[in-house]
Amino acid sequence: MGSDFVSNSNADKQSHLTDWSKRFSGNAIAVLKPKNVGEVASLVSLCNQNRIPIVPQGGNTGLCGGATPMDEHPSVVIVTTRLNQIHEVNLENSTITLDSGVLLASAQEAAKQSGKLFPLSLASEGSCTIGGNLSTNAGGVQVLRYGNMRDLTLGLEVVTPSGEIFNGLRGLRKDNTGYSLKDIYVGSEGTLGIITAATLKLFSLPRSKATALVALKDVQSSIKLIELINQHCNVDLTAFEIISSSALTLVSTGIEKLSRLINDQSHWTVLIELSSMEDEEKSYAQLETLLEKAFGIGLINDAVLSKSLQQSKDLWRIREGIPEAQFILGTIVKHDISLPISELAKFVASTEVKLRKFWPHLQTVIFGHIGDGNLHYNIAPIAPELSKDLEIRRKDINQLVHDEVYKYSGSFSAEHGIGQLKRNELITRKSSIELELMRSIKRALDPQGIMNPGKIL
């Protein structure tokens, strides 16, 4: 590999030792940057022989400390960003085969240059890698139409904990020949092996997109709006993002008429995107007709409909700006949760009441992919100076929210993974049989326990 790709000094290692949220940091014996699967296999084999723990890392944009070394497990960090080749765009099979260190934005652009769409879309797409997306089973804003990373994956290449290379880069949509090994590795957060390449699905580029931000009174109205769209549109509902009034007002915009959307009758907005093979004029006309129908039956109170690509980008910039903008409020207690869509309204209503009874000095900042049941349900103080009081209550608030999530048959982790942050929660929430099945897989595939110790299990 050469000394240029082995970092031993604290200064050189530093950027790889803390996660994006700054909540987790650790130390590493060394940071290693192999350039191909053969080098990864050699390094893993050497570590396995000497029982040296390994922390795989891509773009280091995770939020749960899953790619961060832990002091109690002296490890090497293997960074995959030099594995950055796009090997093939197969137009006839509608697939792309690429290394795990390729940036998500680069994968999107390669597909687009070939007249295809790779639909995974995240706020961090300019810095996160395909390997990280796979290891956390990333979702993003277009899950409703295209599915999450597991749905987009046809084949994987993986370096096993013993240093062997599993080459499963087959672009097959049907392969009923035993266990689906790729599905074991997707979402495993580097605890079972290192994903080094993948074959992923591509789709036809839509000819047009139509975007609108609509105001409505409550969460239940948004659920009914999804049903209306599905019943009356012959185009694809690509994204359906809910934004509470407290979240919307955090992001400053120059969009005309935006301020009118939030009032005493409208406490929520929904960002809708339809994609179509129709021309742009027809797509906008269909969305406009749909919104008129929704207004007529009292589902929505108002709407801002984009009239150009730039206006559509401006509307999306609101949604994408919320995660950063919310920190102006002070301490944020985050929850990445999912629920059955039918239970979302009841969950939001009951949890708000219980939270305010527990500690009245809070506000909820809610946004997320309501079309697939995923909410970013965040808690902030009503004033930044109360941040310390909120921090003291973090553990109790987490338990209250997650108790409500499970009351309504939900999950405490929708798309950010487990990592270090939610490990204890996993042990509490999973049944004993689920945990034992997971531990059995871990023991079978990583008998020496060298892969990303202290994460998930």
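Me: A salt bridge is a side-chain nitrogen of Lys or Arg lying within 4 Å of a carboxyl oxygen of Asp or Glu. How many salt bridges does the structure hold?

Reply: The general idea is that side chains of opposite charge can pair when their charged atoms come close. This is a predicted model, and the structure holds 20 salt bridges. One of them joins the side chains of Arg170 and Asp175, with an N to O distance of 3.8 Å.

Me: Which side chain does Asp336 meet in a salt bridge?

Reply: Asp336 meets the side chain of Lys422, at 4.0 Å from N to O. This pair links distant parts of the chain, 86 residues apart: Asp336 belongs to strand S16 (residues 336-338), and Lys422 to the loop between helix H14 (394-407) and helix H15 (423-429). Asp336 is buried because its relative accessible area is 3%. Lys422, with a relative accessible area of 10%, is buried as well.

Me: With which residue does Lys354 form a salt bridge?

Reply: The partner of Lys354 is Glu404, and their closest N and O atoms are 2.7 Å apart. Here too distant parts of the chain are linked, with Lys354 in helix H12 (residues 344-358) and Glu404 in helix H14, 50 residues apart. Elsewhere, salt bridges that share partners join Arg150, Lys182 and Asp183 into one network.

Me: Turning to nonpolar residues, which members of the largest nonpolar core touch the most other members?

Reply: A core is read as a set of buried nonpolar residues joined through side-chain atoms within 4.5 Å. The largest one has 47 residues, and Leu225, Ile229, Phe240, Ile272 and Phe347 touch the most other members. Helix H8 (residues 219-232) gives the most to this core, namely six residues. Apart from it lies another core of 27 residues, including Leu98, Ala110, Cys128 and Met149.

Me: What does Ile272 touch, not counting residues up to four places away in sequence?

Reply: Among its contacts are Ala210, Val214, Leu225, Ile229, Leu237, Phe240 and Leu291.

Me: Which residues make the nonpolar surface patch?

Reply: Tyr179, Leu181, Ile184, Ile441 and Leu445 make a patch of about 470 Å². Helix H7 (181-185) and helix H16 (432-445) each give two or more residues to the patch. Leu181 sits in helix H7 and, at 39% relative accessibility, counts as partly exposed.

Me: How many residues of strand S17 are buried?

Reply: Eight of the eight residues of strand S17 (residues 362-369) are buried. For pairing, read the bridges: S17 and strand S13 (residues 236-244) pair in the antiparallel sense over two bridges, with Ile243 partnered by Phe367 in S17. S17 also runs antiparallel to strand S18 (residues 374-381), joined by eight bridges. Val365 has Asn378 in S18 as its bridge partner. The hairpin of S17 and S18 has four residues between the strands, and Gly373 takes a positive phi near 85 degrees there.

Definitions and conventions
Residues numbered from 1 in each chain as written. Predicted model: local features only at pLDDT ≥ 70, side-chain atom pairs only at ≥ 80, totals over all residues. Heavy atoms only, no water. Patch = residues over 30% accessible without salt bridge, like charges linked within 9 Å, V, L, I, M, F, W, Y side chains within 5 Å. Areas by Shrake-Rupley, 256 points an atom, 1.4 Å probe, with all protein chains shown as cover. Buried < 20%, exposed > 50% of the residue type's maximum accessible area, 1.4 Å probe, protein only. Contact = heavy atoms within 4.5 Å. Pairing = 2+ DSSP bridges.
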